[in-house]
Amino acid sequence: MELPSHTLYADLKNFGRISNRDAALALFDPEARYGELTIRSRALNDRSFISREIVHARPGQYGVECFQDFPTSVRALWSVLLARHGGGDAGCRALLAHYTGSAAEKMRRAVADTGGDANLYANTIQKLSVEPGLTDERRGQLCLMLFVVTGCLGSPGPAIGIVDDFATEAFSLGLGTIETSVGPGFARAVRPSERGVQLGLLRILDGVAQPPLLALSLAPEGTVIGALATTPNAITNVDVDVSREHLRIYRRGGTWWAQGLGSTNGTTLISGDTRKTSVIEPPRAERKPGVTYGPVKITNSDTLCLGATTRFLVLRIAGPHAQHDAKGNE
């Protein structure tokens, strides 16, 4: 099993020629302690400590308070990495390709290996890759920050928050969703109810349903589908034009409902019985001021269409204890 921390330090060592010791000194706060001694003092004097407790740190072993300001330390690491790869525009492109490519894939797999939501990491990389308001340098720095913070904390959830806050403060740019055209078909229809059943979702890719079957939560808050959704039972196996929190599905009175959450690109539903299309929530550009949309009833064999390309088939499943992985990690 690959740990996010090991993925981070191995990459800085192999790609950036930065030793584990130097990387740890650059990242940890000088006052952060491990037992009676500071982490920095242990790192300076005990190589086995670096390997055992830093390079192979468990997810969540160290909190944000143990580290220096991440934007500051990541900018310092970026400067070193850029110099190692020739500097200038060519160096920026090399770093951007690495931290949106092979390094991102290794971190995604490490997150999945340790039980985290790897889709959150992949979705954030996708959003950063297509954001039109970023230069290559800024895009690369944000991808590096996501990589570093995920490696330090062992989870992409808090890392996304730190990257989003920095992007908003430094570049006046959050992790938004690019508008896409989803075509016609936003006509309302009344859906029949289906009571007392457990439903799940199968992702449809290129017209083919792909396992696993993602059971929808019976809890009152239901299930949120979104590119960066972090709520319990969230489903994040979506494409780049799906919003942070796009759609909520919940059961009330034995009937299942889908409610739009103010997404950029909207959601439609294709009836499994009639093949008619109904609106759950129009794209933001088509919504009328003061109009409330949804919720819309859903039932077995319907298809949910989020944005332009994300499709889920609604299926009846055995019961509330069906096995599933809502993250959809591969």
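A salt bridge here is a side-chain nitrogen of Lys or Arg within 4 Å of a carboxyl oxygen of Asp or Glu. In this predicted model, the side chains of Glu 105 and Arg 109 meet that criterion, with N to O at 2.7 Å. By this rule the count comes to 7 salt bridges.

**Overall fold**
- The protein chain has 10 helices and 12 strands.
- Of its 330 residues, 50% are buried.
- Among contacts between residues at least 6 apart in sequence, 64% join residues at least 24 apart.
- The chain exposes about 14,700 Å², and carbon and sulfur atoms supply 50% of that area.

- Glu 105 and Arg 109 are 4 residues apart in helix H7 (residues 102-113), so about one helical turn separates them.
- Glu 105 is partly exposed at 30% relative accessible area, and Arg 109 is partly exposed at 47%.
- A network of salt bridges links Glu 105, Arg 108 and Arg 109.

- Asp 164 pairs with Arg 244 in a salt bridge, with the closest N and O atoms 2.6 Å apart.
- Because Asp 164 lies in helix H10 (residues 156-171) and Arg 244 in the loop between strand E5 (223-225) and strand E6 (247-252), the pair ties together parts that are 80 residues apart in sequence.
- Asp 164 counts as buried at 14% relative accessibility, whereas Arg 244 is partly exposed at 32%.

**Salt bridge between Arg 287 and Glu 281**
- The side chains of Arg 287 and Glu 281 form a salt bridge at 4.0 Å, N to O.
- Glu 281 is buried, at 6% relative accessibility, while Arg 287 is partly exposed at 22%.

Key. Residues are numbered from 1 along each chain as its sequence is written. This is a predicted model: local features need pLDDT of at least 70, side-chain atom pairs count only at pLDDT 80 or more; totals for chains, interfaces and linings use all residues. Side-chain values use heavy atoms; hydrogens and water are left out. Helices (H or I, at least four residues) and strands (E, at least two) are DSSP runs, numbered from the N terminus. Buried means under 20% relative accessible area, exposed over 50%, partly exposed in between (1.4 Å probe, protein chains only). Contact means heavy atoms within 4.5 Å. Accessible areas come from the Shrake-Rupley method with a 1.4 Å probe; for residues, only the protein chains shown count as cover.
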